[in-house]
Amino acid sequence: CLEKGIDKTWGGADLNIGGVVYIAMPNTANAFASIKKWVFEEKKYQLKDVVAALKNNYEGKELWKEMHRDFLSTPKFGNNDSYVDEQMAWLIDNAYEVLAEAEELCDEIYLTKPKTKKETERIQRLRLMAEYEGSSMKERYGDDFDILFSAGCGTFAQYALFGIGTAASADGRLRNEPVAPNFSPSSGTAVNGEGAVLSSLKNLNLNKYAAGVMLDMCINKNELNKEKIQEIYKRFILSNGSIISLTIAGFDNIKKAYETCNDVRSGKKQQDALSEFADLNVRVGGWNGPFITLTQVQQEDYMKRITENL
């Protein structure tokens, strides 16, 4: 960019890297498992019933309430259960293929030098749809210019925000509730321990997701020792994981901080009551953040992550 005097948005870079970071993949795989079991195998519900239940947040009819209980009971990703892990593998592969097809179309629109009149007409129509005019970027910036797409899975700290305004889902998640943080099991659903979470990664072929697939794990500080941490990292590597983020926390301390935050939010205590917990940090996306600065929804979600390992 410096040599050419052109910024990357106008072709200054030798390679333009773009792509997609998918969110709520664990929720989606869990939803697929619910529909597979209760609609297609058990035949207890019809798809139209599921759609109606989701639109109404599982509220109103007894059928929808029972469906919600059934969906919550369905195997969840992160427990080394092939029933739902196979759904995740299908989802990972197909999401990647969709992005690969999008890159092919992108190359055709922006990089192709049409050779015939028919090719020129087709490319011009595609460029009109993409609101792009003129010759290909290779003609503008040289044959070495290229566009690369990458795929990833993550939410960073926005898992609660992504849930706001989002309807209920077939994994049992209710309207406005947070989606799964990053590529982690939906909070509170990993009931078989850290080893099962890591084993669920084995057959997902995450290496092709070059933008990274973030897994958050919470370890109770009472269980903390050198050997445990080493074993987690070893199992993570052997399970073909992509990125892992560990939080070491004590549930009692987290709970006390949460209750104090609630007292401050309600006006029962003054702001300075939080100073006791100023150094209590947790992993948020790819960085550390003070627990007391999280929203109430994020704090509650975090408590579910810690209790699942107690």
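Let's start with a pair of oppositely charged side chains: E42 and K37 form a salt bridge, with their closest N and O atoms 3.7 Å apart. Keep in mind as you look that this is a predicted model. E42 is partly exposed, since its relative accessible area is 46%. K37 is partly exposed too, at 23% relative accessibility.

Now look for K44, whose side chain meets that of D70 in another salt bridge, at 2.9 Å from N to O. This pair links distant parts of the chain, because K44 and D70 are 26 residues apart: K44 sits in the loop between α1 (25-41) and α2 (47-55), while D70 belongs to helix α3 (residues 62-73).

In total, the structure holds twelve salt bridges. One of them is in helix α11, where D301 and R305 lie four residues apart, about one turn of the helix. The closest N and O atoms of D301 and R305 are 3.2 Å apart. Both D301 and R305 are buried.

While you are at helix α11, which spans residues 296-307, find Q299 as well. Q299 has a relative accessibility of 0%, so it counts as buried. What does the side chain of Q299 touch? It joins the side chain of R265 through a polar contact of 2.9 Å.

Next, turn to the strands. In β5 (residues 281-284), the side chains alternate along the strand. Strand β5 has a partner, β6 (residues 287-290), and the two pair in the antiparallel sense over four bridges. To see one of these places for yourself, locate V282 and look across to β6, where its bridge partner is G289.

L15, I17 and L148 make a nonpolar surface patch of about 280 Å². One of these residues, L15, is found in strand β1 (residues 15-22). With a relative accessibility of 46%, L15 counts as partly exposed.

Finally, let's check the cysteines. How many disulfides are there? With a cut-off of 2.5 Å between two cysteine sulfur atoms, the count is zero. C1 is in no disulfide, and the nearest cysteine sulfur to it, that of C106, is 17 Å away. C1 is partly exposed, at 41% relative accessibility. C153 itself counts as buried, because its relative accessibility is 3%.

Terms used: Residues are numbered from 1 along each chain as its sequence is written. This is a predicted model: local features need pLDDT of at least 70, side-chain atom pairs count only at pLDDT 80 or more; totals for chains, interfaces and linings use all residues. Side-chain values use heavy atoms; hydrogens and water are left out. Buried means under 20% relative accessible area, exposed over 50%, partly exposed in between (1.4 Å probe, protein chains only). Two strands pair if DSSP finds at least two bridges between them. Patches are made of residues with over 30% relative accessible area and no salt bridge: like charges are joined within 9 Å, nonpolar side chains (Val, Leu, Ile, Met, Phe, Trp, Tyr) within 5 Å. Accessible areas come from the Shrake-Rupley method with a 1.4 Å probe; for residues, only the protein chains shown count as cover. A salt bridge is a side-chain nitrogen of Lys or Arg within 4 Å of a carboxyl oxygen of Asp or Glu. A polar contact is a pair of N or O atoms within 3.5 Å; within protein, one must be able to donate a hydrogen and the other to accept it, and residues adjacent in sequence count only if both atoms are side-chain atoms.
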